[in-house]
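My notebook is open and the viewer is running. Here is what I looked up, entry by entry.

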Amino acid sequence: MLSNQEGEILEKLKKGLDIRLVQNFNSCFGIADDSIVVLFQPHPADRDRVLSVVKIRDAGLAKNLKDEFELLWSAGEKLDLQEELEEPQRLRKKNPKN
């Protein structure tokens, strides 16, 4: 998921950040506060790149997206980043030939 070159970022992520995984979710948004939301438009040819970002000041939309986020969060699978990072090391120790 993350390369070893991003060690500094990994150390920050390991410090108490809760992460949940949701399958088949094709939207990306951020909620800044009770009235500001940020919508990200992925590039049509490369979903890993962002084509545009739109900041919208709308309390109703912010509330709706916050409610949607809460539903996604509660349905998401909890990811233990520390465990995920240690798993490949355990496998290498079991199979030193690889």
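**Entry: one turn of a helix.** I began with Asp67 and Lys63, which sit 4 residues apart in helix H2 and are therefore separated by about one helical turn. I took helices (H or I, at least four residues) and strands (E, at least two) as DSSP runs, numbered from the N terminus. Asp67 forms a salt bridge with Lys63, and their closest N and O atoms are 2.9 Å apart. My cut-off for a salt bridge was a side-chain nitrogen of Lys or Arg within 4 Å of a carboxyl oxygen of Asp or Glu. Searching the whole structure gave me 1 salt bridge.

I then checked accessibility (buried is under 20% relative accessible area, exposed over 50%, partly exposed in between; 1.4 Å probe, protein chains only). Lys63 counts as exposed at 52%, while Asp67 is partly exposed at 37%.

**Entry: ground rules.** This is a predicted model, in which local features need pLDDT of at least 70 and side-chain atom pairs count only at pLDDT 80 or more, whereas totals for chains, interfaces and linings use all residues. Residues are numbered from 1 along each chain as its sequence is written, and side-chain values use heavy atoms, with hydrogens and water left out.

**Entry: aromatic rings.** How many aromatic pairs does a search of the whole structure find? I got 1. The partners are Phe69 and Trp73, stacked at 5.8 Å centre to centre with 25° between the planes. For pairing, the ring centres of Phe, Tyr and Trp (its six-membered ring) must lie within 6.5 Å; planes under 30 degrees apart count as stacked, over 60 as edge-to-face and the rest as tilted. Both residues belong to helix H2 (residues 59–75), 4 residues apart, about one turn. Phe69 is partly exposed at 36% relative accessible area, and Trp73 is partly exposed at 26%.

**Entry: a histidine.** Next I went to His43 in strand E3 (residues 36–43). Is His43 buried or exposed? I noted it as buried, with a relative accessible area of 18%. Its side chain reaches the backbone nitrogen of Ala45 at 3.0 Å. Leaving aside neighbours within four places in sequence, His43 is in contact (heavy atoms within 4.5 Å) with Arg49, Val50 and Leu51.

**Entry: confidence.** Last, I looked at pLDDT, the predictor's confidence in each residue, from 0 to 100. The chain averages 80, and 73% of the residues score at least 70. Confidence is highest in H2, at a mean of 92, and lowest in helix H3 (residues 81–94), at 66.

Key:
A polar contact is a pair of N or O atoms within 3.5 Å; within protein, one must be able to donate a hydrogen and the other to accept it, and residues adjacent in sequence count only if both atoms are side-chain atoms.
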